[in-house]
Amino acid sequence: MDTSFRFIDRYPTSLRDLYGKSDYHEHLVGLLERRDQRLESVMDQVLNPPRARVYETTGPAQNIPNTTNTAVSFTSVAYNNFGMWVSTANTRLTIPQGNAGLYHINGGPAFAASGSIGQQRVLSLRVNGTNIIKSVNTTGNSAYDTRLEVSADYQLADLDYVELVAYQNTGGNLALVLGAAPSVQSFPQLSCRRVA
């Protein structure tokens with residue numbers, strides 16, 4: 001004789017006692033449907049979070065003016081769900097409405113070879129045009145391109161936007177190096193993905 005307990009065998013009695021009405025089955029079905037909708041929404045966010053990655057290979061190479069923080073612009077898209085990147089605001093990745101959260105942001109360009117003692121290359125992540133959240137820097141090199149990469153996890157609100165900002169102090173314009181198309185790993189690049 002099977003004496004194992006199975007809730008499914010007992011739920012009608014339990015729910016009838018709990019609700020004291022005959023439509024307990026319809027009530028349970030409604031609860032389960034709402035639960036499933038919430039689970040589907042959560043799973044969609046886990047499996048398909050807001051994310052975008054943009055890059056530049058087509059040129060002409062962007063010039064970074066001397067001693068000026070300059071947002072890097074992009075024309076090519078590796079992926080872009082929720083419409084985080086639009087070509088009319090080609091320096092920005094914008095957090096979609098209703099998708100605030102913790103985001104991982106990453107970007108990197110290569111500065112053209114140029115350098116003397118004390119010349120700096122600085123790369124920053126900037127939020128909403130003013131708030132620098134992370135920077136890295138190094139000195140330039142006259143023989144080799146100077147590649148930098150910066151990343152951060154940062155709490156972003158709905159409609160916040162992030163930019164990759166380049167700075168240099170060579171005394172004149174300094175170009176960013178373009179990668180070989182069609183590789184989406186080419187510099188410059190910027191990506192943003194919700195992680196929590």
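Which strand does Y161 lie in? Y161 sits in strand β12; strands here are DSSP runs of E with at least two residues, numbered from the N terminus.

Before going on, note that this is a predicted model, where local features need pLDDT of at least 70, side-chain atom pairs count only at pLDDT 80 or more, and totals for chains, interfaces and linings use all residues. Residues are numbered from 1 along each chain as its sequence is written, and side-chain values use heavy atoms, leaving out hydrogens and water.

**The strand and its partners**

Buried means under 20% relative accessible area, using a 1.4 Å probe and protein chains only.

| Strand | Residues | Bridges to β12 |
|---|---|---|
| β3 | residues 70–71 | 2 bridges |
| β5 | residues 93–94 | 2 bridges |
| β8 | residues 120–127 | 7 bridges |

**Zooming in on Y161**

Y161 has 16% relative accessibility, so it counts as buried. Its contacts (heavy atoms within 4.5 Å), leaving aside residues up to four places away in sequence, include R92, L93, R126 and G129. R126 is 35 residues from Y161 along the chain, yet their C-alpha atoms are separated by 8.3 Å.

The side chain of Y161 also makes a polar contact with the side chain of R92 at 3.3 Å, and it reaches the backbone nitrogen of G129 at 3.3 Å. A polar contact is a pair of N or O atoms within 3.5 Å; within protein, one must be able to donate a hydrogen and the other to accept it, and residues adjacent in sequence count only if both atoms are side-chain atoms.

Technical notes
Pairing = 2+ DSSP bridges. Helix = DSSP H or I, 4+ residues; strand = E, 2+ residues; numbered from the N terminus. Buried < 20%, exposed > 50% of the residue type's maximum accessible area, 1.4 Å probe, protein only.
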